Amino acid sequence: QDAASSALHEGLIAYDQRHGFRGPETRLPGLTREAWLAELAKHKSIGGLQPAIATQVEQSGIMVLLRNGEEQPVAWDSMKWARPFLNTNSLGPRPQKPADVAQIGDLVRVEPDKESGALLFRQIPAAQSALVSLDPQDGAIRALVGGFSFEQSNYNRATQAKRQPGSSFKPFVYSAALDNGYTAASLVNDAPIVFVDEYLDKVWRPKNDTNTFLGPIRIREALYKSRNLVSIRLLQAMGVGKTIDYMTRFGFAKSDLPPNLSLALGTATLTPMEIATGWSTFANGGYKIAPYLIDKIESRNGDTLFT
């Protein structure tokens, strides 16, 4: 679990660095050391990123004041990534010196390097993510990461965030097809289709992501190539209601599955935990598992109270 959390943590920081520096959290120039410490006391460490106030700006880096009253250096090499964030598509010029990034009185974030202990220049990521790792044989939760930091947000994205799974949901449609007379070698036409969906009550012209069509294609190839129109045709042929009933066997709630053909494209609203649980059914030979955290509870006398 520590390895999974660390990998996700580093990935989010790397993502945020690629998307630029959003500036200091607060700018407090001209204050006394005591006033800076009082301000730092209002800010907590988030995901291992400590609040700090720049007290000196030099050519080799900056000096920062930490919550414990210590002053430590932050090297220029760890600040060079901090190109200004302009918008989602562009960044400002690369900083040429520490003064281009921070000024005296700026409240920034730092993180100790795992090997040397030296402080690295950071910022709290704008992105959030989640990770679920299950043992498909019995449902044991091996790792569960619900976001960047519980101190920042108590919202568990692994178990509470219902999102559209997209193409990762298609195997459940194909599984229903295999249980309804289709085989891996069955041919389905990957061609344009236009129709009025009885549930959406409007004309719908679905496309493949590349806007190309391959014609008649075997199901096994359509799955690994993630062909949208084949998934839709399979769902249309089986019937939406019948397919939804089948998918509940993977543990999905009917209320989370839209009763229309867009279901084939992954427009259901499901949590990462629910998707991982459904996929575990494929991994263990078709048996549904129930995720669990607690393996056993014993009394102080060694009696087993729960397994």
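Author: A nonpolar core is a set of buried Ala, Val, Leu, Ile, Met, Phe, Trp, Tyr and Cys residues joined through side-chain atoms within 4.5 Å. Buried means under 20% relative accessible area, exposed means over 50%, and partly exposed lies in between, with a 1.4 Å probe and protein chains only. This is a predicted model, in which local features need pLDDT of at least 70 and side-chain atom pairs count only at pLDDT 80 or more, whereas totals for chains, interfaces and linings use all residues. Residues are numbered from 1 along each chain as its sequence is written, and side-chain values use heavy atoms, with hydrogens and water left out.

Reader: Which residues of the largest nonpolar core touch the most other members?

Author: The largest nonpolar core holds 32 residues. Those that touch the most other members are Phe169, Leu234, Met247, Phe252, Leu257 and Leu263.

Reader: Which helix gives the largest share of this core?

Author: Helices and strands are DSSP runs numbered from the N terminus, a helix (H or I) having at least four residues and a strand (E) at least two. H3, helix H4 (219-224), helix H5 (228-238) and helix H6 (240-247) each supply at least two residues of the core. The largest share, 6 residues, comes from H5.

Reader: Which residues does Leu234 touch, not counting those up to four places away in sequence?

Author: Contact here means heavy atoms within 4.5 Å. With residues up to four places away in sequence not counted, Leu234 touches Val173, Tyr174, Ala177, Tyr182, Val188 and Ile219.

Reader: What do the buried residues of H7 pack against?

Author: Helix H7 covers residues 272-283, and its 12 residues reach 16 Å from the first C-alpha to the last, close to the 16 Å expected at 1.5 Å a residue, where the expected span is 1.5 Å times one less than the number of residues. Its buried residues are Met273, Ile275, Ala276, Thr277, Gly278, Ser280 and Thr281. These buried residues pack against strand E9 (131-134), strand E10 (141-145) and helix H3 (170-178).

Reader: Where does Gly139 lie, and how far apart in space are Gly139 and Ala290?

Author: Gly139 lies in the loop between E9 and E10, and Gly139 is buried, with a relative accessible area of 0%. Leaving aside neighbours within four places in sequence, Gly139 is in contact with Leu134, Ile289, Ala290, Pro291 and Tyr292. Although Gly139 and Ala290 are 151 residues apart in sequence, their C-alpha to C-alpha distance is 5.4 Å.

Reader: How far apart are the closest N and O atoms of Asp100 and Lys97?

Author: Asp100 is partly exposed, with a relative accessible area of 39%, and Lys97 also counts as partly exposed, at 34% relative accessibility. Asp100 forms a salt bridge with Lys97, and the distance between the closest N and O atoms is 3.1 Å.

Reader: Which residues are linked in a network of salt bridges?

Author: By the rule given above, the count comes to 15 salt bridges. The residues linked in a network of salt bridges are Lys162, Asp256 and Glu274.

Definitions and conventions
Salt bridge = Lys/Arg side-chain N within 4 Å of Asp/Glu carboxyl O.
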